[in-house]
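Please look over the model below.

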Amino acid sequence: MRERTAEGLEPVLAVNDLSRSFGALTALDGVALEVAPGQVLGLVGPNGSGKTTLINVVSGLYKPDRGAVVLGGRQVTGWAPHRLARMGLNRTFQIPRPFKDLTVLENLAVAHRHAGGGVRTAQELLATVGIAGMEHRRASELNASQQKRLDLARAVTTGPKVLLVDELGAGLGPGELDEMAVMLTELASTGMAMIVVEHLLGFLAKLTETVVVLNAGSPIFTGSLQAATQDPEVVKVFLGGA
Ligand code: ADP
Ligand code: MG
């Protein structure tokens with residue numbers, strides 16, 4: 001029988017024993033986690049602990065050396081990003097790279113070719129992410145915060161059941177962080193599962209209570225954010241600046 005999550009729902013995404021090395025460096029080492037529909041799972045860890053690599057491997061940008069990615073009960077390990085997008089998994093990038101010479105709307109149209117189901121109109125989406133009225137601007141004219149919002153819209157336009165969010169909060173001011181937290185919470189309330197990589201724990205606390213802490217590619221803690229900040233090993237890893 002399949003395991004059920006704390007919420008009693010079948011996980012929409014399950015990752016087992018996921019591992020990936022780059023030469024002699026083991027960036028991911030036996031990571032297991034799962035997320036249920038509408039659940040937000042925080043992923044934290046020091047710089048270089050493998051957070052982005054996990055997102056890269058789960059989203060199909062890199063192939064794992066070992067382990068499995070199961071989406072909606074289906075083995076999708078090693079599938080290409082566009083195929084995963086169509087199956088209902090998408091991600092945002094720590095550093096968004098829109099097609100700079102294309103307009104906001106054109107950027108969305110490119111992503112939309114890989115849409116699965118449950119897609120909103122571009123106008124609705126741009127309003128949701130707070131860049132309504134910028135449809136015809138070139139992406140190169142957008143500031144860093146607006147590019148993050150476009151990147152979120154790009155991922156959401158494919159109608160993901162699972163959204164992987166990589167450091168959306170970095171570089172944003174307090175007001176914008178609050179807006180982003182509301183935005184992500186609203187998306188989760190529609191049933192979208194999320195893994196949110198975040199350094200800003202105050203921001204993360206607005207989104208979820210549950211976190212996985214990575215260190216050197218391995219999970220060292222799974223539980224509440226509150227408990228994580230009091231866990232001796234977690235504290236050591238962060239203070240040690242690993
Ligand atoms: P985080 O997102 O937690 O800061 P990363 O997943 O980006 O960490 O990186 C984990 C480790 O893997 C780091 O040591 C990083 O230098 C290395 N790494 C990540 N991607 C590559 C790559 N494409 N080639 C070589 N090394 C990489
Ligand atoms: Mg990273």
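**Salt bridges and helix packing**

Q: Is R66 buried, partly exposed or exposed?
A: This is a predicted model. The relative accessibility of R66 is 41%. Buried requires under 20% and exposed over 50%, so R66 counts as partly exposed.

Q: Which parts does the salt bridge between R66 and D29 tie together?
A: The closest N and O atoms of R66 and D29 are 3.9 Å apart, and the cut-off for a salt bridge is 4 Å. D29 is itself partly exposed, at 36% relative accessible area. R66 lies in strand 4 and D29 in strand 2 (residues 25-35), so the pair ties together parts 37 residues apart in sequence: strand 4 and strand 2.

Q: Are helix 5 and helix 6 roughly parallel or roughly antiparallel?
A: The axes of helix 5 (residues 144-156) and helix 6 (residues 174-189) come within 12 Å and cross at roughly 5°. Angles under 35 degrees count as roughly parallel, so helix 5 and helix 6 are roughly parallel. The contact includes R149 and L152 of helix 5 and E176 and M180 of helix 6. The orientation is therefore roughly parallel.

Q: How many residues apart in sequence are the parts tied together by E176 and R149?
A: The side chains of E176 and R149 form a salt bridge at 3.5 Å, N to O. R149 is buried at 4% relative accessibility, while E176 is partly exposed at 25%. E176 lies in helix 6 and R149 in helix 5, so the parts tied together are apart in sequence by 27 residues.

How values were computed
Residues are numbered from 1 along each chain as its sequence is written. Chains are lettered from A and ligands numbered from 1 in the order in which they are written. This is a predicted model: local features need pLDDT of at least 70, side-chain atom pairs count only at pLDDT 80 or more; totals for chains, interfaces and linings use all residues. Side-chain values use heavy atoms; hydrogens and water are left out. Axes are lines fitted to C-alpha atoms, for helices over the stretch in contact, and angles run from 0 to 180 degrees between N-to-C directions. Helices (H or I, at least four residues) and strands (E, at least two) are DSSP runs, numbered from the N terminus. Angles under 35 degrees count as roughly parallel, over 145 as roughly antiparallel, 65 to 115 as roughly perpendicular and the rest as oblique. Contact means heavy atoms within 4.5 Å. Buried means under 20% relative accessible area, exposed over 50%, partly exposed in between (1.4 Å probe, protein chains only).
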